[in-house]
Amino acid sequence: MKKRAIVTESSRPPKRDDEKAPEMPLRGAMFETAVADASQLPPQGPPEIAFAGRSNAGKSSAINALARERGLAHASRTPGRTQQIVLFDLRGGGRLADLPGYGYAAVSREQKERWQELLWQYVTTRTTLIGLVLVVDIRHGLRAMDEDLLEGFLGSARPVLLLATKADKLGRAQQRAQAAAIAQRVASTFPRYADTIAIEPFSATSGLGVEAADRVLATWLPASSKRG
Ligand SMILES: Nc1nc2c(ncn2[C@@H]2O[C@H](COP(=O)(O)OP(=O)(O)OP(=O)(O)O)[C@@H](O)[C@H]2O)c(=O)[nH]1
Ligand SMILES: [Mg+2]
């Protein structure tokens, strides 16, 4: 009789905690610094991934969902909560930036211009920025300022992950319809960059799209910056 290999718990190699790291690139992120002015940014070094989007879109919540850590980035019901660039160290050696939101009407014009200048400077001049995560409310899709930002960022062939978040606010059919509408809009506005922009329906609340986003972000980070 043929002997069958029996795999028991003890004969499997032990699972190391960090073996999972490449699939969850934001897990274990640690606060590094927060800056209100581009001149305060730390010197460019490790590859950076930035989360941008309108005020209250859900950037900080998306970061927390991907980091699997509730209070890492400060999320708030009050729009304009993240007024600085907040940088986090990624366990794999990269860096993560939570960018100030734009488009919130109730702050002073002067303040708005200050944040937007900071955001624009960062996105257009930071050469170590390897990819942009653009967070939009799935119910609203891309607004003019989101398109302006994409316009400024694209052109360098760096990838974009568009998270259509708060999907939990819609039913399944509406989620699909909105995601398709967003994809169509992106394709018609940025026809040359269809391959550069990945679109994922997302929800920090339900966890929808979290693993898909992990997979995209893991491909951005160079192998050298992954733990393994
Ligand atoms: N239902 C639902 N609410 C969400 C989701 N993501 C964020 N929110 C809520 O939306 C509000 C804004 O979320 P934040 O993550 O603070 O948004 P932000 O883009 O970081 O905002 P600013 O820092 O002000 O630019 C909070 O009340 C969150 O709880 C989501 O996926 N589903
Ligand atoms: Mg925020």
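Modeller: What follows covers helix α4, then the sheet under it.

This is a predicted model, in which local features need pLDDT of at least 70 and side-chain atom pairs count only at pLDDT 80 or more, while totals for chains, interfaces and linings use all residues. Residues are numbered from 1 along each chain as its sequence is written, chains are lettered from A and ligands numbered from 1 in the order in which they are written, and side-chain values use heavy atoms, with hydrogens and water left out.

Helix α4 takes in residues 172-189. Helices (H or I, at least four residues) and strands (E, at least two) are DSSP runs, numbered from the N terminus. The 18 residues of α4 reach 26 Å from the first C-alpha to the last, close to the 26 Å expected at 1.5 Å a residue (the expected span is 1.5 Å times one less than the number of residues).

Gln-175, Ala-179, Ile-182 and Val-186 of α4 are buried, that is, under 20% relative accessible area, whereas exposed means over 50% and partly exposed lies in between (1.4 Å probe, protein chains only). Seen down the axis, the buried residues of α4 fall within an arc of 65°, so they line one face of the helix; the arc is that of the directions from the helix axis to the C-beta atoms. Ala-173, Arg-176, Gln-184 and Ser-188, on the other side of α4, are exposed.

The cover over the buried residues of α4 includes β5 (129-137), β6 (160-165) and β7 (197-201), contact meaning heavy atoms within 4.5 Å. The helix α4 lies across these strands, β5, β6 and β7, and runs at about 165° to β7. Axes are lines fitted to C-alpha atoms, for helices over the stretch in contact, and angles run from 0 to 180 degrees between N-to-C directions.

The open sheet has seven strands in the order β1-β3-β4-β2-β5-β6-β7, with mixed pairing; two strands pair if DSSP finds at least two bridges between them. At its edges are β1 and β7, each pairing on one side only. From one strand to the next, the twist averages 20°. Helix α3 (residues 144-153) also packs on the sheet, where α3 touches β2, β5 and β6, and its direction makes about 170° with that of β5.

Further along the sheet, β2 (residues 48-53) and β4 (residues 95-98) run parallel and are joined by four bridges. Phe-51 has Asp-98 in β4 as its bridge partner.
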